[in-house]
Amino acid sequence: MASVDSERELSSVGVEQSLAMAKVSLSDLLINRVFVSPYIRARQTLDTVMSQLDVVDIQVSDYLTPDREPQEFIDCLDDQQGDLLVVSHMPLVSRLVQYLVYGDDGYGPAFDTSAIACLEADQWLAGCARLRWLKAPGDCF
């Protein structure tokens with residue numbers, strides 16, 4: 001077992017759930033760019049779901065670790081167009097959805113392990129996104 005959070009590995013259940021979620025949730029999206037946390041379990045999650053994606057632009061971002069501020073990552077998006085995938089951690093993903101959809105820096109929806117949220121926006125700014133759906137493994141099996 002890892003002594004620090006960044007070194008924790010994805011469990012075998014996490015691998016199964018991530019792959020199943022990708023098959024169910026990502027097949028209709030044309031993802032052209034992936035942002036991933038540098039933490040081991042996030043990178044393992046991405047490795048697991050890559051079989052469902054046709055992506056060449058993968059960027060590891062230190063702004064996607066659990067304790068970062070949503071605005072730090074949003075500043076990296078610039079004028080991102082098209083579908084993108086963000087592989088990160090709680091509580092950041094909850095705060096990121098809350099910030100993008102509602103424009104405030106609170107906690108948004110809870111994310112089960114391997115959950116996927118689909119947001120759409122013309123601009124990635126506070127309060128400018130719409131939450132299309134949020135799926136968790138329990139919803140798909």
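Strand β1 and strand β2 (residues 58-60) run parallel and are joined by three bridges. Two strands count as paired here if DSSP finds at least two bridges between them. Helices and strands are themselves DSSP runs, helices being H or I over at least four residues and strands being E over at least two, numbered from the N terminus. In this pair, F35 stands opposite Q59 in β2. To get from β1 to β2, the chain passes through helix α2 (residues 40-49), and this β-α-β crossover is right-handed. That term means that, with the strands pointing away from the viewer, the path from the first strand over the helix to the second runs clockwise.

A word on the source. This is a predicted model, in which local features need pLDDT of at least 70 and side-chain atom pairs count only at pLDDT 80 or more, while totals for chains, interfaces and linings use all residues. Residues are numbered from 1 along each chain as its sequence is written, and side-chain values use heavy atoms, with hydrogens and water left out.

Back to the sheet. β1 also pairs with β3, again in the parallel sense, over five bridges. I31 stands opposite D83 in β3, and V36 stands opposite V87 in β3. Together this gives an open sheet of three strands in the order β2-β1-β3. β2 and β3 are the edge strands, each pairing on one side only. Neighbouring strands are turned by 20° against each other on average, direction ignored; the axes are lines fitted to C-alpha atoms, and angles run from 0 to 180 degrees between N-to-C directions. How much of β1 is covered? Five of the six residues in β1 (31-36) are buried, buried meaning under 20% relative accessible area with a 1.4 Å probe, protein chains only.

Next, the backbone. Most residues other than glycine have a negative phi, and most peptide bonds are trans. The bond from M90 to P91 is cis, with omega near 0°, and P91 lies in the loop between β3 (83-87) and α4 (92-102). S114 is not a glycine, yet its phi is positive, about 75°. S114 sits in the loop between α4 and β4 (116-121). Is S114 buried or exposed? S114 counts as buried because its relative accessibility is 16%.

The loop between β3 and α4 also holds H89. H89 is buried, at 5% relative accessible area. Which side chain does the side chain of H89 meet in a polar contact? The partner is the side chain of S37, at 2.7 Å. A polar contact is a pair of N or O atoms within 3.5 Å; within protein, one must be able to donate a hydrogen and the other to accept it, and residues adjacent in sequence count only if both atoms are side-chain atoms. Beyond four places in sequence, the residues that H89 touches include Y39, R41 and L64, a contact being heavy atoms within 4.5 Å.

Last, the cores. A nonpolar core is a set of buried Ala, Val, Leu, Ile, Met, Phe, Trp, Tyr and Cys residues joined through side-chain atoms within 4.5 Å. The largest has 18 residues, of which F73, L100, L119, W124 and A129 touch the most other members. α3 (70-77) and α4 are the elements giving it two or more residues, and α4 supplies the largest share, seven. A second, separate core of 16 residues includes V34, L46, V55 and V87.

Notes. Buried means under 20% relative accessible area, exposed over 50%, partly exposed in between (1.4 Å probe, protein chains only).
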